[in-house]
Amino acid sequence: MINEKNLITEILVPGGHGRSFEVQKGQYLQIIDVEGQQVADFYAFNSQNHQERLSPPHTRTSLRSLTIKVGDLLRSSLRNPMFEVIEDTAQSHDLLIAACDEQRYLVDYGVSDHRSCVANFEEVLQPYGISRDMFPEPFNIFQSTLIEPDGTLVQQTSPTKAGEYILMKAQMDVIGAVSACPMDLNLIGGSKISDIMVRIYDQ
Ligand SMILES: [Zn+2]
């Protein structure tokens, strides 16, 4: 589906840090787990209206599903299609768990001054004038959450292998951001925090 000749941007997101980027309507966004077992929290905003955000709740409602698959449309907070899932070799993503923030590490683990996805997003979205009070719920790419029959959520280690990816086609011009989640106090990211690669392709 993608042609390497059409690659226009490649951004390495260092483990534990975040990066932002722009994707135009019709372009393809590929998010790659470089070494495997690394969760990549993902936000996206309509370039023309930052109040319109990629929304897991609206996507779940539209799909009537807790998971996504090839062909699905990911919806915004205004229920418009933002991305279509084109390829997905990882097939493990979470649409339920909040992004980690300073309080997650302090309240749940007693650790202060830990890097977090929310602080990463704040850092990389600040140039666009997008502040913390505008942040949506995240798409947690490569994250694995088991839902038990009684409703219990079990956060598991990401099953993603090195080089696995999700490829999405933008349905509008967006500002995107990825955080290579710095969570190292539970097992969601395996034994170490590692890098995520973002690639953007022309159609
Ligand atoms: Zn995180």
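A search of the whole structure turns up seven salt bridges, a salt bridge being a side-chain nitrogen of Lys or Arg within 4 Å of a carboxyl oxygen of Asp or Glu. Before the details, the conditions. This is a predicted model, where local features need pLDDT of at least 70, side-chain atom pairs count only at pLDDT 80 or more, and totals for chains, interfaces and linings use all residues. Residues are numbered from 1 along each chain as its sequence is written, and side-chain values use heavy atoms, with hydrogens and water left out.

One of the seven salt bridges joins the side chains of lysine 192 and glutamate 35, at 2.5 Å from N to O. Lysine 192 sits in the loop between E12 and strand E13 (196–201), and glutamate 35 in the loop between strand E3 (28–33) and E4, so this pair ties together parts 157 residues apart in sequence. Helices (H or I, at least four residues) and strands (E, at least two) are DSSP runs, numbered from the N terminus. Lysine 192 is partly exposed at 46% relative accessibility, and glutamate 35 is partly exposed at 44%. On that scale, buried means under 20% relative accessible area, exposed means over 50%, and partly exposed is in between, with a 1.4 Å probe and protein chains only.

Next, glutamate 102 and arginine 132 form a salt bridge, with their closest N and O atoms 3.0 Å apart. Glutamate 102 is in helix H2, while arginine 132 is in the loop between H3 and strand E8 (139–141), 30 residues away. Arginine 132 also forms a salt bridge with glutamate 122, where the closest N and O atoms are 2.9 Å apart. Glutamate 122 belongs to helix H3, 10 residues from arginine 132.

Now the metal. Which protein atoms are the donors of the zinc ion? They are the SG atoms of Cys100, Cys117 and Cys181, lying 2.2 to 2.3 Å from the zinc ion. Donors here are N, O and S atoms within 2.8 Å of the metal (3.2 Å for Na, K and Ca); water is not among the atoms, so sites may look incomplete. Along the chain the donor spacing is C-x16-C-x63-C. Cysteine 100 lies in the loop between strand E7 (93–94) and helix H2 (102–109), and cysteine 117 in helix H3 (residues 117–125), so the two tie together parts 17 residues apart in sequence. Cysteine 100 is buried at 7% relative accessible area, cysteine 117 is buried at 0%, and cysteine 181 is buried at 7%. The disulfide count is zero, under a cut-off of 2.5 Å between a pair of cysteine sulfur atoms.

Last, the sheet. Five strands form an open antiparallel sheet in the order E2-E12-E4-E8-E7; two strands pair if DSSP finds at least two bridges between them. Strand E2 (18–23) and E7 are at the edges with a single partner strand each, so one side of each has no neighbour in the sheet. Within the sheet, E4 (residues 40–46) and E12 (residues 174–180) pair over seven bridges, in the antiparallel sense. Phenylalanine 45 stands opposite isoleucine 175 in E12.
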